[in-house]
Structures are given as C-alpha cells and as structure tokens.
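Hi everyone, thanks for coming.

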Amino acid sequence: MSEENVTPAATLGGRAAGVGGELPEQLRGDVRLLTSLLGRVLRESGSSGLYEDVERLRQAMIAAYSDETAGAFEQAEAIVESFTIERADEIARAFTVYFHLVNLAEEFHRVRLLNANPTENTDSDLYGTDTVAGAYSRLAEEIGEHRAHNRLTSMRFHPVFTAHPTEARRRAVSNSIRRINEYMAEREATPKNPTSEHRLERRLLEEIDTLWRTTPVREHQPTPEDEVRSIMAVFDETLYTTVPKVYRRICDALQGDESGLTPPAIRPFLRLGTWVGGDRDGNPFVTASVTKKALAISSDHILRGLEQSTRRVARTLTLSSETTPSSPELKSRWRQLTTADEEGSAAAVTKAPEEPHKRVLMLVARKIEATRARNADLAYEGPEELLGDLRLTQDSLAQACANRQAYGDLQQLIWQVETFGFHLAELEVRQHSTVHRRALAECEAGGELSEETEEVLEVFRTIAQLQKRYGPQAAGRYIISFTQSADDLANVYKLAHYAVGPGGTGPVLDVIPLFETFADLQASTRILTEFVTYPEFAARLRETGGQIEVMLGYSDSSKDVGPVAANLALYAAQANIAQWARERGLKLTLFHGRGGALGRGGGPANTAILAQPPHSVDGRFKLTEQGEVIFARYGEPAIAMRHIDQVAAATLLAAAPSIEQRNLRAAQRFAPIAKTMDESSRRRFSQLVDAEGFAPWFATVTPMEEIGLLALGSRPARRGLSVESLEDLRAIPWVFAWSQARINLAGWFGLGSALEEVGDLELLREAYAQWPLFTTLVDNVGMSLAKADTRIARRYLELGDRPDFTEMVMDEMALTRRWIADITGGGRIIDNRPVLQQAVKMRSPYVDALSLLQLRALRVLRSEPQGQPVSPEWQHLLLLSVSGVSAGLKNTG
C-alpha cells in the first residue's frame, strides 16, 4: 500500500476523497502528512485489524459515493453491519479524528493564504470590495468624503457570544488540535533537515495518538461558569490582541505612510457582548449569582490584560526628558499620581529617573492592578479615567514631536481600553416573557413569593450592583424572548420597581424586544408604537438620543413557518421597523439572532448584510455568535481579523445609495414572486409539521432525543418534557437533529414547492441575478442540500414507519435540488461554487460512513422495548457518531 493510502482518507493526499477536485499543493501535502500519521497511530493502536477495517470501509464509501447504483452503497452498509459494537466504536473515533485533522489542515492553509494576502477571499464579492478600506473608498465615491468619514467613525459591529449548546467538540479535543496546529506551524517555519523533521514528526505522532485516545464526547454537562471560561479562551488567545491589529490594518490602508504618525483615521467600531452567564431563558442553571461571577471573570481577564499591556508599553517609552519633555498637563498629573501612590512613584523614579512618560505609565499600570484588586484608595473609578491618563500621555508625546510613540503601541493600548473597557464584554440578560408575567402576577397579588419570582427580582438587584461596580455600559441590556405585546416590555420596568422597593434606585435598563414567531414579526411595529409611549422607555430614549434596539429571532420563526417564509418575514419586518424608526427620528439597531446552521440564519454574514432592506443596517450591525461559530470565526487571529474586516466592510457599505437602491428596486420588482413563495412554502411546511403524529415521528427518525443527552452546554434542549408537540422544542436541536440525519430539512423544506408554483425559470434566474435576498436564500439552500444525502436520508426517514411523511420529504428534496440546479445554471447544486463543492466532495464519503454507523446504533436503540434501559454501548456509539458527523459537516445548530 502506498504512503497515500495509509489512513481512512489518505487518498485526499492526491485528489479530493478519490472523487475528483484538485487540492492546492500545500494543502494536499498537509493532508497527506496528517492522515499518514493517523494511519500509523491506528496500526500502532494495539487493536488487531483496526487499520484494515477502516481501510475496507473507506474504499467502500468512496465507491458508493462515486456510484449512484444501489450495489456499492449496500456493500458499504453490509460492512458496517458486520462490525462488533467495539469495532464500530473504534472506527467512529478514527473517522472523527480524521475530520479534525482535515479541518485543521484547511484552517492552517487558510491562515497561510491570509498571511500572504490579508484580504484573501474565496467567496465571490458581488459588490467589488470586502475590506473596510475598500468599502470606504466605494462609499466616498458615492456620497462624498465628508459623509463617508462620518459614517466610518460612527460605525458599530457588535457580535454577542452565546452559550447555546452547539459546540459538539470537547475542550480537551480542541486543545489537542491546537497543539497539533502549533507543531504544524513550527514545521513550516523550521528549515528542513532530518533532525528537525524527525523531532516534529515524533511530536505530531504523539499528539495525534493523544487525540485518537481522547474520548470525544463529554461525560459531564458543563456549568455556566465553564462556558464563561471557555469564551475567555477566545478573548485571551485571539481577540485582545487581534482587535487593535484590525484597526491598525485599516489605518495603514487609509492613511498610508501617515499611519502611526498622526491620529488614527478610525474610531474603535467593535463592541463585544455576551449572553454567557446572562441568558436565563429556559436555563435554570443561570442564576443571579452566576451572572455576578460571569462579569467578575470577564473583568478580571480584561484588567489583567490591560495591566500587562500598559507595563509593556511603559518599558518601550525610554525617551529622556531632554529629547522628549513632558507637557505641563502631564507634569501636573504626575504630581497627582505620586501623591496617591508614594511607594510606586519612588520605585518609578528609581527605574526611570529621566524618562517622564515611562514613569507615568508605570503608575498607571499600578492603578489598573489596584482596580482589579479592588483597592479603593488607588483604583480607577472607570475606564474613562484610565483613558484620560493614556490620552494625556499621548498628547504630551505628540507635543514633544514623538509622534511615532504617541500613535504607535500606545494608540493600540487606547484602542483596547475603548473597545473592552473594564468589563470586556457587555453582559446581556435574556428572559422569557411568560416568566415575567408569572412573577409580576405574584408581586401584584402580594403574599409569599415563589422561588422563581424571587430569582427574577434578584436579577434586577444584581444588574444594579454590576453597574455600580463596572459602570452602566457593563450590563443593562435586557432582552424579552417571545415578545408578544407592549406589556411584555413594560413588565420589565414594573418588576425592577418591585425588586428595589419604594424609593430605591434601580438599574439603568435598555429593554429589547425579541420578535421570534411569524405572528410576532408581523406585529412588531404595532407593539413598538405602543411601547415607546411608556414613560420609562420614553425617558430612556431621551437619555440616549433616540437609540433603540430590536432583536429578530431567526430560529423559532423558521421552525414556525419554514425557512422560506421565515426569511421573507424577517426581511419584511426589518423594512417595516426601519421605516418606523426613521419616521420617528430614532437611531435603530437591529439585533440578529442568527445561529451557525442555515436553518437558524447561518451563512456568510457579510453577504447577508448587503442583502438587507434600506436603512435597516445604517452603519450598525449586531448579531449572536455561538458554539462552533465562535471558535471558527474568532479562534485563530488571522481568520478573526479577516472576518471582522469583512463584516465591518459590509456594515459600512450597506448604506451606499447603490446598494440600498438595488435592494429596494429588487424587492419591488420581485414582490409578486415573494408573495407566491411565502404562501406556497408556508402551506407546504404546514402540511408536514402540522400533520397528526409528526412530532413523535420526527423524534423517531432523527437522533433528537439522544442529542439531549450530549453534554454540549448547560442549557436544556427542551423547554418542556413532551415530544408530542414541537412548541416546547428549542430550535437548536430541531436544526441539529435534521443535520445529523443528513436531511437538513430546517434549511430548505418548502422552497421547491414555492419555486414550482412560481414556475417561470427565466424569471427566477433574473431574480437570482438581481435580487440579493433571493440570491442569498438560493445559495444557502444549495449549501444545505450539498451536505444532505438522499440515500442516507431515506434510511433515517424509514425508521418512523410513516411512508407518507417519508415521500413528502424526499419529493420536496428532489424538487428543491432540481430547481436550485436549474436556477444557478449548473448541472448540479453548487456547481457555481467550486471551492464549496471541493470541500463537500472531500468530506462526504467519510461523513456517510459515520452516518451509517449512527443509523445502525439508532436502529438498535429504536428496537428496544419501551420502558427498558437502553444499551449504553449503542448509545455511546450514537453519541460518538454525532460528534464525528458534526466535525465532518462543520456545523451543528
């Protein structure tokens, strides 16, 4: 057997999965190396015949993927059926490790390309630019330099990290992958010689063996505090240093040689938010105590970072008072600092007797340390006080003509303070409207309060405490899930009054409605019109200069009426809310509750922004980032920089008249199509999900119940215990379960019928070319269907013994595939997207192998008598396959 054939997917070292599609030479070499090492690990594993069985299944799956006839696929199924449960478990782990290694190789290659060309992009750029510098140039051409500059300096990109349970990968697995990545980077940077190559190969083998031997499925449910610390890893390893580099790169592009020599061309536009430790909607483990701890952890991380950065900058400011005298204002501030900190000032004078700027920053670092330690005598009252000291130092350096020191590393430190403050990320609270209704009813009735109501009231007291300690910007956004009336919003203020009591001072609250269902999206402007007259909300509008935030739920709207009608309803709601806000002179921020999967609003964020209605973005874009998406977009510095640059560019460019006019004209031109698609897709979706017996059938033909057993996050998968109705099922397991069954129904069902009812192929092709919303919808559905598999999907569906449901789903899938291929002009779906097609081809045969293993486990579990304990071995195999399929598809919920 050749070197390229020693692993479960080793032919990837030559061509993509043995099914065509050339890989770039460097990527091919990385895949060949990693998979060959995995082959050695499997042969050395001590499990006799494991490597041969993996290879046998691999070859069968490639043949089945390439051959549409039933024979090859049935042969692969027979191989899977022949394995003992122990061997099936080992093979599932082998294929899962393979996916981790291939994903690593792809990311490593992406970083390689980005390091060579920071604006590298594999997606088509319909609008001519996808960098902030390029978007600014385009915008200036259309509206003039002055107006473009105003938009640039007022732009805001606000990602909000959430702890929704969608990261199927254990932290131990992530750490192992990170170490392999570090060895790959060292290997690329080290001059080639036998000694270094042998050493690095040995370390890679050791780490891949560790990955192979590490259980990929968590044994225990993570706590909310675990989730907070997991998010902190992204901040520590990436965002803290990456964000100022993004700003610097933009300044370099806009200012050229003046960058770092003059004041920056931009203001910090990124603000972080977090629901981790604050989102209590359906999560009983998030308490007021957890919320306090979450913000304390965040604050500790950012203050440690700022202290270290300040000390580092101070060490570089070895500018003497003779060459760089301090300004009178800085001398005055030095005297104030020495009075407050005699010990620190004495040490600073000893270490830097003739370096005034360094001395000041040494004392500033001590004040940051005191802030973290809660030393009231020396601590800063807030980030603005720290910024005052840093800007005073910066101005003094500039007055002494030390501009490069003023606007170099010191400027990056200022950017970090402006971006992260003393809290790192604004902690947002979310609660369900029905919980508030119950709590308010108890408060108004008098008498003893329930434990639930006491906890609701304690949250408001906690927010007030957090604002007192960290400032109002650290917490105060309060989101109401399932907002169905203005009373649901007003209830927040009423509960806050009960929490603090008569005459008490409550927290500063920005109450944010979350419109999720189809009906609520349609009622959004009516509810807002009523709510803005509420005295406390009206007062808050005056305080903020008319700023208002509205959140839109992609998840439940899609589960409610299907993905097509949900997309159209969300677009209409945005257009209506934007127009409503403009008529009242309000500054609107729409908060998009997008998930990672397509059934939850996933897909490229930058292209989605440019498809939004006029004035609905207006330089402000906020969205949720969750689970695997957080680590995919922000876990590696080069990728994080590119992502932030792309999304910010789209946020800036969305206000260009050409973009707004195009979207408006398209919406008007294709309104009849939209109406037909809305009505037809909703009707088709309802025929399926509202049919008698659908909910238990869904729970039978997908691993929905088993997903609830995965220790993905602290939050339960269901709001209730019943599977007789979809109402209590969260949108995340709804999407996750369909993706595991290789159907991805949540991302496309109903589109085929909608397109069939429109019927005019030329008109639909025209819409695809001219209507950005439709383009995005079609491309995303194409991506969703590319990850589905017809043969495997049918086998899952047949587990439910409802041929009527099975045929409805399969017919709709075939119809949708045909229309997507015809509209995009290819013979098959995603023929117009070769990079995505290559990635799908590279993975599909091996995802199929894991799916067959999962199907076997699911059949065994479904055949066991009701009420009897399930087989732990088969349940473990199923959960292991879920982790592997997630890694192969690169998305969960």
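Let me begin with a term: a residue is buried when its relative accessible area is under 20%, exposed when that value is over 50%, and partly exposed in between, using a 1.4 Å probe and protein chains only. What you see is a predicted model, where local features need pLDDT of at least 70, side-chain atom pairs count only at pLDDT 80 or more, and totals for chains, interfaces and linings use all residues. Residues are numbered from 1 along each chain as its sequence is written, and side-chain values use heavy atoms, with hydrogens and water left out.

C401 has 67% relative accessibility, so it counts as exposed. C443, with a relative accessible area of 12%, is buried.

Now the whole chain. Of its 893 residues, 61% are buried. The accessible surface comes to about 34,000 Å², and carbon and sulfur atoms account for 49% of that; these areas come from the Shrake-Rupley method with a 1.4 Å probe, and for residues, only the protein chains shown count as cover. I'll call it a contact when heavy atoms lie within 4.5 Å. Taking contacts between residues at least 6 apart in sequence, 80% join residues at least 24 apart.

There are 39 helices and eight strands in the chain. Both are DSSP runs numbered from the N terminus: helices are H or I with at least four residues, strands are E with at least two.

So how are the strands arranged? They form a closed barrel of eight, in the order β1-β2-β3-β4-β5-β6-β7-β8, with parallel pairing. Two strands pair if DSSP finds at least two bridges between them. Helix α26 (residues 627-634) packs on the sheet, where it touches β1 (156-162) and β8 (620-626). The direction of α26 makes about 115 degrees with that of β8; axes here are lines fitted to C-alpha atoms, for helices over the stretch in contact, and angles run from 0 to 180 degrees between N-to-C directions.

Strand β6 (residues 547-553) has six of its seven residues buried. On one side, two bridges link β6 to β5 (residues 510-515), and F515 has L552 in β6 as its bridge partner. Seven bridges join β6 to β7 (residues 587-593), and V550 stands opposite L590 in β7.

Next, a helix: α16 (residues 409-420). With 12 residues at 1.5 Å each, α16 should span 16 Å, and its end C-alpha atoms are 17 Å apart, which agrees; the expected span is 1.5 Å times one less than the number of residues. Is α16 mostly covered or mostly open? Mostly covered, with 10 of its 12 residues buried, among them W415 and F420. The cover includes α9, α10, α13, α14 and α15. After α16 comes G421, whose phi is positive, near 60 degrees.

Let's finish inside helix α13, which holds A365. A365 has 1% relative accessibility, so it counts as buried. Leaving aside neighbours within four places in sequence, A365 contacts E307, T310 and R311. The C-alpha atoms of A365 and Q308 are 7.7 Å apart, although 57 residues separate them along the chain.
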